[in-house]
Amino acid sequence: MQYDVVVIGSGPGGYVAAIRCSQLGFKTALIEKYNAMGGTCLNVGCIPSKALLDSSEHFYNAVHHFEEHGITTGKVKADLSKMIERKSGVVKKMNDGITYLMKKNKIDVKNGFGSFVDKNTVKIAKEDGSEEQITGKNIIIATGSKPTILPFMNYDKTRIITSTEALKLQELPKHLVVIGAGVIGAELGSVYARLGSKVTFVEFADGMIPTMDKTMGKELQKSIKKLGAEFYFNTKVSLIENLGKEVKITAEDKQGKKVEILGDYCLVSIGRRPYVDNLNLEAVGVTTERGKVLVDEHTLQTNVPNIYAIGDVVRGAMLAHKAEEEGVFVAEIIAGQKPHINYNLIPGVVYTWPEVAAVGKTEEELKAAGIAYKSGSFPFKALGRATASGDVDGLVKVLADKNTDEILGVHIIGARAADMIGEAVTAMEFRASAEDISRISHAHPTYLEAMKEACLAATENRAIHS
Amino acid sequence: MAIDMKVPSVGESVTEVTIAAWVKKDGDFVKMDEVICELESDKATFELPAEADGILRIIGKEGDTLKIGAAICSIEPQNAASSEKSEPLPLEVKPAVVSEPVAAAEGQKVEVLEIKVPTVGESITEVTIANWLKKSGDTVGLDEIICELESDKATFELPSPFAGTLTIIAHEGSVVAIGGALASVTVGGAVVTPSATSVVETTASAPAATAGTYAEGHPSPAAAKVMAEKGLTANQVSGSGVGGRITKEDAQKASSAPAASAPVATTTPKVAETAAKEERGSRREKMSSLRKTIARRLVAVKNETAMLTTFNEVDMKPIMDLRKQYKDKFKDTHGVGLGFMSFFTKACSIALQDFPVVNAFIDGDEVVYNDFTDISIAVSAPRGLVVPVIRNAEKMSFAQIESEVVRLALKARDNKLTLDEMTGGTFTITNGGIFGSMLSTPIINAPQSAILGMHNIVERPVAINGAVEIRPIMYVALSYDHRTIDGKDSVGFLVRVKQLLEDPMRMLLQV
């Protein structure tokens, strides 16, 4: 079968690319190695983790906060297997949703493992052992990423696990040791901390979510500490062993002192690597660098002009929404259009509670670049809405150019930060100034008032409610 | 304080006009009664003269249809040196509307006004600041000389168009384009008299208010895509959004202006109403933006270079023999036909390396020499003339050149050439021969320095070893920029091309 576009991988990059290709009139095929559509994001990433985060949040509130709201419950119990079951239901619903979208857009879905035969031909090895070859004028690599594991970590999927297994544990860990306090570690660590597990974070950098603005890491650590979590920063893990009923983590702190931690589960969340295993890129000569597929900045073309790559397999943040943008981008490039992605304005979100969300430059980046900036912050605890619901942890921090007042970065930690960051992204796409946002009406009472107040603070230090 | 100009009444039954072309650009200094714009009604075309001296601020865009009485532009009073050129004497012209800033000053209002480089002559695009006679923070009076400017034709003095406190923007020795900002003057309060000393304080906060904002010309995400696809840059689109931001509509309008006015253009002109009764057709078509660009560039090259042409003739027999002999084999081996283009491209590429100045171009005060030869090929496409580029022709085989020519020509035919494929050549070959031209003088493809014109091949009697023979002869023409290329090099280059073509073996042996 001859297609205009063949997409390998049905994650948020791949399936969105396929839909946009179809909208542009291309005959499109989508190859997915699993039986479920949606890739990491939908099956073992964003969606299931958010399902569990919300369940754990409900549980935590029932135990700790219902009483202050005047709700009396009996003994509240967390049934992890039921939570996992609900999560699976959510995932299934989303899987079916994508399948429906593929049908609606007349995209041919091919289930099986796709690999290159030549620059226009892809072989699909199916579950039943049969093979099919299809050809495409253009091919989009959207094969995503897998968790990074180092050999001495002895990954065994039972006690030494990655995010994939952490989303389907059969029992509640008594003591979960999380290696890496980045986004994934923070999210899943906080799920189990809220469900009652003791959680210990071991992180090589000097704070949580180290790639984000330092204020965010500090505030998040404060919140997670309230759940009883412990932290080892500047600590380098050298060995993880499964001792049967226990896991032993051997590490070294900054002074070179040996640290040993015992737990019953160890979640390794030190990052993810691009996944191009067995894709047979050698057959077509597509070049990679440490696993990343190299692409042209302006077209996302690989060195083979009719082969494109998007999402986690290429440079940039490994985020579902970044992959989606690139999916649409490549489809439009193939159609001869000239789309553009502003990589500086792709928001980053951490789904802990409180949530963390950010866009643009961090204060550390501005300092390093020598840009004269001013900063305005506003705490959630001064907000009517936050006080009413009891979610008073967090703040909004706005960084603006000292001379022009243009907003350069917005960093939020607090309830609904992930939804709030949208306002900042939109404003920054139009290069709004802090005062612009200060002069735009924000509904009351909402969490977003904190954005307006922080902008007022950044403008002339004239927040109203602080 | 600006004067708004409205579309004048042009005839009894005319209710609206279309802006055919702006003769002056936004920001240009215009003089009273100078023609600034051409308007079209359905009956006639007429010119619109400026109603005052000053800086033109365009409101209606080309292609817009405006009602009689609608605002078309405004003119901001602005002093300037006169537009007379090449008189090395201090020039001085008093703006017509000078009283306005003074009035503002009396009104106790603080205002910051920019002093821009005035238009000083037709071909002058930039001036050098020779000397500031006043410093930042100085109080300047109306018409007081504040600085001396130099163009390549003349030196002249710039009187301050306003009274107030001076803030220098462009420093001594810097080169500023016509219309570029030189300084600003804070006008207001009691500042009119040169003795006032307390003025400096007012300048501190005021400039931000009127200076162009950092976001001026910033396109929205959707506008950016539209502009990229139309090949427009931010300074070609005027932003109507907050702070001069470019909205999606701005971008769409900027690109679709010619199309929008199409209905106007198709209405039959009624010029002949009073004339003879028989049908005498003529029609008006809006020039496409590509056509306009071609027109502007060609005229610019004629005006801005010292272009002339040298000729020679080439005996095409050896190449034709070679082609006859190897045509089929070449096609079988390489999958592409052996045409004349590969010979000419290769010959030029070799000759360009022998005469590097022909392959160079002028950039400001420097000449840029290229050690690669990227040859632009002029192709007649449906939209007009386009010039895709064969990159690194010096490294290519005949077969590679032929297939690249075919690829680019097909893309040109389908209007699918990308901007990248059309920019950056170092030399151009154009073939008027395919239309039957015997001899012509091609125009240089700026910023390149030379262009080779190919022509038709005609059997002509020539003297070979004392006997008259009939040979297939092609006249070739090389137009070149005499500013950098001397006759020795241009003629030498063309003779070298002739030698290589008349004895293709030399290309192989590189002799």
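Trainee: Before we start, what makes a helix crossing left-handed or right-handed?
Mentor: A crossing is left-handed if the near helix is turned anticlockwise from the far one by less than a right angle, and right-handed if clockwise. Keep in mind that this is a predicted model.

Trainee: Got it. Which hand does the crossing of α3(A) and α6(A) have?
Mentor: That one is left-handed. Helix α3 covers residues 46-64 of chain A and helix α6 covers residues 183-194, and their axes come within 8 Å, crossing at roughly 30°. Angles under 35 degrees count as roughly parallel, so α3(A) is roughly parallel to α6(A).

Trainee: And which residues in α3(A) and α6(A) meet?
Mentor: From α3(A) you have A:Ser49, A:Leu52, A:Leu53, A:Ser56, A:Glu57, A:Phe59 and A:Tyr60, and they meet A:Glu187, A:Leu188, A:Val191 and A:Arg194 in α6(A). By class, that contact has 6 nonpolar, 2 polar and 3 charged residues.

Trainee: Nice. Changing topic, how many residues of α1(A) are buried?
Mentor: 11 of its 12 residues are buried, so α1(A) is largely enclosed by the rest of the structure. The buried ones include A:Tyr15, A:Ile19 and A:Arg20.

Trainee: What covers those buried residues of α1(A)?
Mentor: The cover includes strands β1 (2-8), β2 (28-32) and β6 (131-141), along with helices α2 (39-44), α4 (80-104) and α8 (320-334), which belong to chain A.

Trainee: How far does α1(A) reach from its first C-alpha to its last?
Mentor: Helix α1(A) spans residues 12-23 and reaches 16 Å, close to the 16 Å expected at 1.5 Å a residue. After the helix comes A:Gly25, with a positive phi near 90°.

Trainee: You listed α8. At what angle do the axes of α1(A) and α8(A) cross?
Mentor: They cross at roughly 30°, and the axes come within 7 Å. The two helices are therefore roughly parallel to each other, and α1(A) passes α8(A) in a right-handed crossing. The contact of α1(A) with α8(A) has 9 nonpolar, 3 polar and 4 charged residues.

Trainee: Zooming out, how many helices and strands are in chain A?
Mentor: Chain A has 13 helices and 24 strands. Buried residues make up 49% of its 466 residues. Of the contacts in chain A between residues at least 6 apart in sequence, 65% join residues at least 24 apart.

Trainee: Last one: how many residues of chain A are in contact with chain B?
Mentor: 9 residues of chain A are in contact with 10 residues of chain B. On the chain A side, those residues divide into 2 nonpolar, 3 polar and 4 charged.

Key. Residues are numbered from 1 along each chain as its sequence is written. Chains are lettered from A and ligands numbered from 1 in the order in which they are written. This is a predicted model: local features need pLDDT of at least 70, side-chain atom pairs count only at pLDDT 80 or more; totals for chains, interfaces and linings use all residues. Helices (H or I, at least four residues) and strands (E, at least two) are DSSP runs, numbered from the N terminus. A residue is buried if 20 or more other C-beta atoms lie within 10 Å of its own, exposed if 12 or fewer, and partly exposed in between; C-beta atoms are placed from the backbone. Two residues are in contact if their C-beta atoms, placed from the backbone, lie within 7 Å. The expected span of a helix is 1.5 Å times one less than its number of residues. Axes are lines fitted to C-alpha atoms, for helices over the stretch in contact, and angles run from 0 to 180 degrees between N-to-C directions. Angles under 35 degrees count as roughly parallel, over 145 as roughly antiparallel, 65 to 115 as roughly perpendicular and the rest as oblique. Ala, Val, Leu, Ile, Met, Phe, Trp, Tyr, Cys and Pro count as nonpolar, Asp, Glu, Lys and Arg as charged, and the others, Gly among them, as polar.
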